[in-house]
Structure formats: structure tokens, C-alpha cells
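This report covers one residue and its surroundings, and then the contact between two chains.

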Protein chains: 2
Amino acid sequence: MKIGWIGTGVMGAPMVGHLLDAGHEMTVHTRTKERAEEVLDKGAAWAEEPAAVADGAEAVVTMLGYPADVRDTILGDGGLLEALEPGTLLVDHTTSEPSLAEEIAEAAAAKDVPALDGPVSGGDVGARNGKLVIMCGGEEEAFDRAKPLLEAYGATIVLHGGPGAGQHTKMVNQIAISSGMVALCEAMLYAYKSGLDVEQVLDTIGGGAAASFSLQTYAPRLLKGDLEPGFKIDHFIKDLGIALAEAKRMKLALPGLALAEQLYVGAQAQGLGQKGTQALLAALAHLSDAELPQLSG
Amino acid sequence: MKIGWIGTGVMGAPMVGHLLDAGHEMTVHTRTKERAEEVLDKGAAWAEEPAAVADGAEAVVTMLGYPADVRDTILGDGGLLEALEPGTLLVDHTTSEPSLAEEIAEAAAAKDVPALDGPVSGGDVGARNGKLVIMCGGEEEAFDRAKPLLEAYGATIVLHGGPGAGQHTKMVNQIAISSGMVALCEAMLYAYKSGLDVEQVLDTIGGGAAASFSLQTYAPRLLKGDLEPGFKIDHFIKDLGIALAEAKRMKLALPGLALAEQLYVGAQAQGLGQKGTQALLAALAHLSDAELPQLSG
């Protein structure tokens, strides 16, 4: 199939790689051409302008950074939607605003373009392994058409409802992760400050009611002083901001989410924005001047 | 071995049962004699006064409610410590203050009584199955002497350091659980309020970075509207208060823990104190007047 793709960053590039491996004809664009080199070397064609990826494409996929990028790229003057032929499938993998996904779906429907919002989780590792979780929102027609493509890089692909439902599901995921990371970091900090052997404590409690993916995955990295992303704090703050805005729009108070977002803003202020989400531990340690030796570089 | 035991509630009773099964000679006391009937029927002897369980005992164990109960029972006038012969082992399983555990160990050492703090996790189910996690603090001598007894009802039994280290470890566990429950409840509430199928969403995200024991264990109960304890909110608030006080004493700011405690106090104010910790969802729903149909029964 001829597919257009916009956004070949740390997530997009390996996803395009899987579609090339599956035999699809890919035309790509990304803001900084150097970031597309890997997929161009693999056989993708280059489009000078974003909307040009739509030329002759049966499906167009976007994997961008911020909601503003999605709006400009898809709905903007000279954007994708103007260039798409009726019947072309439009999929957005960017983690973005549910309300924007609804707006896009409505504008796309007016042009007879089935649209799907499909944010992913699983990080760069999941993208490389082709094992992403893809949370979809849209009409069944759009989902059914997209699914064979998504299977090139997705292990769990679920339609959660109409337009925006994929974005809402991703927000649920981020809400759970955010306060979960606060839980892990505060627990580790208390263990350290009270003089316990942090690793031994986590080993004792990690098999019981305190067990979590975060504890299992990030605690060992933190114990080695490894703050590398994973998923960057700058991007997480974007996601948490979307979740807070949507919750407010729904008149839903989420105090834990609000606190987590503020603590992450603090981490960003401390210069940790390009570190992984687990670097919240360093920010919380700094708050109490309780630097763990592993994290004091 | 001849063992004295004080406190035969929902946790203590099955623990005593396991020691009886292992062939030990038990003498018990508890505030309300009716709550000891199960173990008296099983062959335990009754002591009219708490300190009387020490008569001829090689080891004395307490499983009480609040730190004030521990202080009165062990250090008070006519309390256990006055009654204990030198060389008797003293174990406290109550989740209590680390600083009180240190105080008890010091007073006990002055009487040549080895003391161990050993709060547990695993709940009433773990107590009945004999699969508790026992987090210990004290001298190695006390631990080595206690371990064969603890194995009657413990699956994971770890010495985490000197006196108080068991209590500190339990606090680490509760800190991780508290914000973890906030994470789960807020994620479920957002999913519900945004019109998603909550069960389907949790199924999609529960295998990835949002995975946790709480999600796996409590989400299915919440989806059925089951708020029964498990572990009661009233008791959880006691534990979180201890953790906050200890953290403050160590000059450690834990904003997530402080928020979780306040949200649980709110749940208590709404009459949910005798419900399980998962009932936080009902309290958070109430905050935004967003009652889930399952919970508005």
C-alpha cells in the first residue's frame, strides 16, 4: 500500500521501518530531514512539504510532538486535510487533545476521509520491537481499515469508542503512571532518608501490594543513578497538561494528577526536562536537600 | 514453646491459629474476650490481664491497633515489660511508630529482653494462608530467635536493620500504596467521566506501564461496586499519619503522601472509614459529584 507519514522521530522512525519491512511504499516528511535519514536509507521517499506525503497515498499517518503541531499539520492552511483525496485513511498517533481529535474527525468526515486517533504507549523500545499498545478512537470503518497497518508495530490494538476515545484512553494511562511515579519516588526517598537499604526494602515490598511496573522497571535504574529517557519529562508534562485541561472541561477534580504535574514542572525547572520520568526522584530529593549518592553525579 | 500473645483480631487470630497448629502452647489476651473465642476453642489458654500472658513464656508477641495501645501494653504501668523475665523474646507485629520501636528496644535491652519490631503486610488473607510479609527491625539475636516462630505465618521474613527498621520498611510500603491508590482511582474516574468503557480501558493499559497490584486487585472489585475491606481506611489513615510524622521528623517533604492522607481523611469524613482502601474512588467521585453507578448503590 502507498502510505504517507509525517514525523520520524524516536517513535516514528522505527514505526515507519516496520511498515517498510511489511512491504509498504512509504513517503515521509519530518521537520528536520536528518531525522528521516534512517528510513530514507531503508527505502522511504522524501516529501519536501508535509502535505505532499498525501500524493497518491491510500493512508496518511502522523506522529508529531504537540497538539499545536497536529492542528497546524492537519487542519492548517495548506495542511494535510486540504491535500487528502476523499476515501484516504487518516491516522494520528500523536498523544494529543481528545477535543482536537473530535474536531479533526468532524472536518475529515466532511471530506469523506475516515479518521482515527491512535496514541501509543510502550516507548521507543516498544516502537523498535513492534510491540506498541495502540489506543484508538474513531468510527469502526476507520479502525477496520487501519488495523492491518497498525499490526506492523502494535501488539495491542483496541478501539475504545468514537473520535477522541483513543486520546482519552491514553490520558487514563498517563494519569495512572503520574501518581504511580510519585508513589515510587516518595517511597524510595523515605527508605533512603530513614537509613534503610533501599534495594532490600524494594525487594521485600515489591512482591506485595506495592508492586507496580514502575517499581519493577524504574527502581533498578534509579538505584544505578540512571536518569536517561525512556520517556522524557518535557513530553510527560505536555500529556499531564492535556489530561488536566480535559478533566477541568469535564468538571472533574483530580488532585493527585494536579500535584504530579506540579512536581514534574519543578523537575523541569531544575533542568531535568530531557531526563526520563523516573528523574522525579532527583527533583523530590532536591526539594528536601536529601540527595541520594547515586543521583548526585 | 510456651508463647504469650496479646491481640487476637482479624490478623492476630489466624496468626495464633498457625502457632497452635505448629504445636506451640499459647496463652492469649485481647481487649474483647469474644474476639479470642476462635483461638480459645482451638486450645489457647486465656489470660485475664495483658501482662499475665508473660507468665512462664519464652516469647511474647503483640498485634494491636494503634501506637498508643503498644505504648500502654508494653511500656505502661503494670505493662508487659515489667512482667517479662530476662531473656524472654518480645515481638511487636503492630504497624506503629519507628521511634516507639526504638524506645521499646532500648527499655527491653535494659531488662535483657531482646525485642523485634515486625509489622506485616498481606492482610487477613495473608494471615489466614500463613503467607505474610514480615518486615523486621532489631538486633540479629532477636531476629534469629523469632524467625522459627514467624515462619508459622510468614512467607517473606526479612531483617531490615536495627530497632525501628521494620516499621520504617512498612512505612515505605504504605507510602507506595497510598499514592498508587490515588493513581488508580483518578484514572478510573477520568475513564468513567470521559464516557469510556472503564473495564476495557483498564484491560488495555493494565499490561503496560500503568500495571500495578492495585489495578489488578482493586479495579475488578471497584467495577463490581465492592468496597469491603481488605484493609480499612481508618487503619490506613493511622499508618499514613505515622509516615508523615516520621518524614517530618527526618525533615523530608512528601507532597504526594500528604495529599493522599488528606484525601483519605475526606473519605473518612464521608463515612467510609470502615470500608476498604479502594473506597477512595467513591470519595473522589463524590468530590466532583461524578458518582459511578456501581458505587451509588
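Is B:Val198 buried or exposed in this predicted model? B:Val198 is buried, because its relative accessible area is 9%, which is under the 20% cut-off for that class.

In chain B, B:Val198 belongs to helix α9, which covers residues 198-205. Leaving aside residues up to four places away in sequence, B:Val198 is in contact with B:Met188, B:Ala191, B:Tyr192 and B:Leu223. Between B:Val198 and B:Ala187 the sequence separation is eleven residues, and their C-alpha atoms lie 9.3 Å apart.

The second topic is the interface of chain A and chain B. Chain A contributes 56 residues to the contact, and chain B contributes 56 residues. The size of an interface is often expressed as the accessible area that is lost when the parts come together. The values for this pair of chains are listed below.

| Interface of chain A and chain B | Value |
|---|---|
| Buried area | about 4600 Å² |
| Share of buried area from carbon and sulfur atoms | 72% |
| Salt bridges | zero |
| Residue pairs in polar contact (both at pLDDT 80 or more) | 16 residue pairs |

On the side of chain A that touches chain B, at least two residues each come from β8 (132-138), β9 (154-159), α8 (165-193), α9 (198-205), α10 (213-223), α11 (233-249), α12 (255-272) and α13 (280-287) of chain A. The largest share of that side is supplied by α8(A), with 19 residues. Sorted by class, the side of chain A that touches chain B holds 37 nonpolar, 15 polar and four charged residues.

Notes:
Residues numbered from 1 in each chain as written. Chains lettered and ligands numbered in written order. Predicted model: local features only at pLDDT ≥ 70, side-chain atom pairs only at ≥ 80, totals over all residues. Heavy atoms only, no water. Helix = DSSP H or I, 4+ residues; strand = E, 2+ residues; numbered from the N terminus. Buried < 20%, exposed > 50% of the residue type's maximum accessible area, 1.4 Å probe, protein only. Contact = heavy atoms within 4.5 Å. Buried area = accessible area lost by both parts, 1.4 Å probe. Salt bridge = Lys/Arg side-chain N within 4 Å of Asp/Glu carboxyl O. Polar contact = N/O pair within 3.5 Å; in protein donor to acceptor, adjacent residues only side chain to side chain. Nonpolar A, V, L, I, M, F, W, Y, C, P; charged D, E, K, R; others polar.
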